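Student: I have a model open and want to learn how to read it. Can we go through it feature by feature?

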Amino acid sequence: MQTMWLSGAELLAVLRIGLGLWWLESWRHKDKKTWFGGGGIGWAAGIAEKHRWTAVRSGFDVVVKPRPQTMAYVVAYAELALGLGLIFGFLTPIALVGGLLLNLIYLVLMIHDVAEQGQNLMMALISVVALFASSWQVWSLDAALGIF
């Protein structure tokens, strides 16, 4: 596919880089003091305890609730790693799958709050398109290093 300015592979790279910038912004805009102090996980715990699905409530209680600070760091630094990985195109398929999983977990947690769904649905869609269209073919460390 050829467009006026960019090839199809280059357009997919733009999409991948844009998604990476979106993840980087998710990390950047967090109030780190509040987030790492328990604010983010505390908020999620309030959502999880009222969730209609038993699996979500019990899963949160088993995985997240016993280690809120660790999970806060995991989420925040996963966003940073995803952003940098996608921007630079390093281990891109792994970053795309990881980001898709984070989006899906959030979507399941917030499934009853329609106002929270748009951003995560768009990020998930971009992840799927970028993954199956091999968006790391150009403008990436993966391409430069011959990875994937």
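This is a predicted model: local features need pLDDT of at least 70, side-chain atom pairs count only at pLDDT 80 or more; totals for chains, interfaces and linings use all residues.

Tutor: Start with empty space. Rolling a probe the size of a water molecule over the atoms shows where empty space is left. Here the largest pocket holds about 970 Å³ of space. It is lined by 33 residues, and Trp-35, Val-75, Leu-102, Tyr-106 and Leu-109 are the closest to its centre.

Student: Which helix gives the most to the lining of the largest pocket?

Tutor: H6 does, with 6 residues. H6 spans 92-109. At least two lining residues each come from H1 (8-28), H3 (39-49), H4 (54-63), H5, H6 and H7 (117-132).

Student: How do the lining residues divide into nonpolar, polar and charged?

Tutor: The lining has 21 nonpolar residues, 7 polar ones and 5 charged ones.

Student: Let me step back to the fold. How many helices and strands are in the chain?

Tutor: The chain has 8 helices and 0 strands. Read from the N terminus, the order is α-α-α-α-α-α-α-α. For overall extent, look at the box around the C-alpha atoms: roughly 50 × 30 × 25 Å along the principal axes. For burial, take the share of residues: of the 148 in the chain, 36% are buried.

Student: Now charges. How many salt bridges does the structure hold?

Tutor: It holds 3. Take Glu-25 and Arg-28. Their closest N and O atoms are 2.7 Å apart. Both residues sit in helix H1, 3 residues apart, or about one turn of the helix.

Student: Why does Glu-25 count as partly exposed, and why is Arg-28 exposed?

Tutor: Compare each value with the cut-offs: under 20% is buried, over 50% is exposed. Glu-25 has 32% relative accessibility, so it counts as partly exposed. Arg-28 has a relative accessible area of 53%, so it is exposed.

Student: Which residue forms a salt bridge with Lys-30?

Tutor: Glu-79 does, with the closest N and O atoms 2.8 Å apart. This pair links distant parts of the chain, 49 residues apart. Lys-30 lies in the loop between H1 and helix H2 (32-36), while Glu-79 lies in helix H5.

Student: Are those two partners buried or exposed?

Tutor: Lys-30 counts as buried because its relative accessibility is 14%. Glu-79 counts as buried too, at 8%.

Student: And what is the distance between the closest N and O atoms of Lys-65 and Asp-61?

Tutor: In that salt bridge they are 4.0 Å apart. The cut-off is within 4 Å. Lys-65 is at 47% relative accessibility, so it counts as partly exposed. Asp-61 has a relative accessible area of 41% and is partly exposed.

Student: Where does Phe-90 lie, and why is it partly exposed?

Tutor: Phe-90 is in the loop between H5 and H6. Its relative accessible area is 39%, so it is partly exposed.

Terms used. Residues are numbered from 1 along each chain as its sequence is written. Side-chain values use heavy atoms; hydrogens and water are left out. Helices (H or I, at least four residues) and strands (E, at least two) are DSSP runs, numbered from the N terminus. Buried means under 20% relative accessible area, exposed over 50%, partly exposed in between (1.4 Å probe, protein chains only). On a 1 Å grid over the protein atoms alone, a cavity is a set of points where a 1.4 Å probe fits but cannot get out, and a pocket is an open set with protein on both sides within 12 Å along at least five of seven lines; lining residues have an atom within 4 Å of a point. Grid points are joined across faces, edges and corners, and a volume is the space filled by probe spheres set on the points. Ala, Val, Leu, Ile, Met, Phe, Trp, Tyr, Cys and Pro count as nonpolar, Asp, Glu, Lys and Arg as charged, and the others, Gly among them, as polar. A salt bridge is a side-chain nitrogen of Lys or Arg within 4 Å of a carboxyl oxygen of Asp or Glu.
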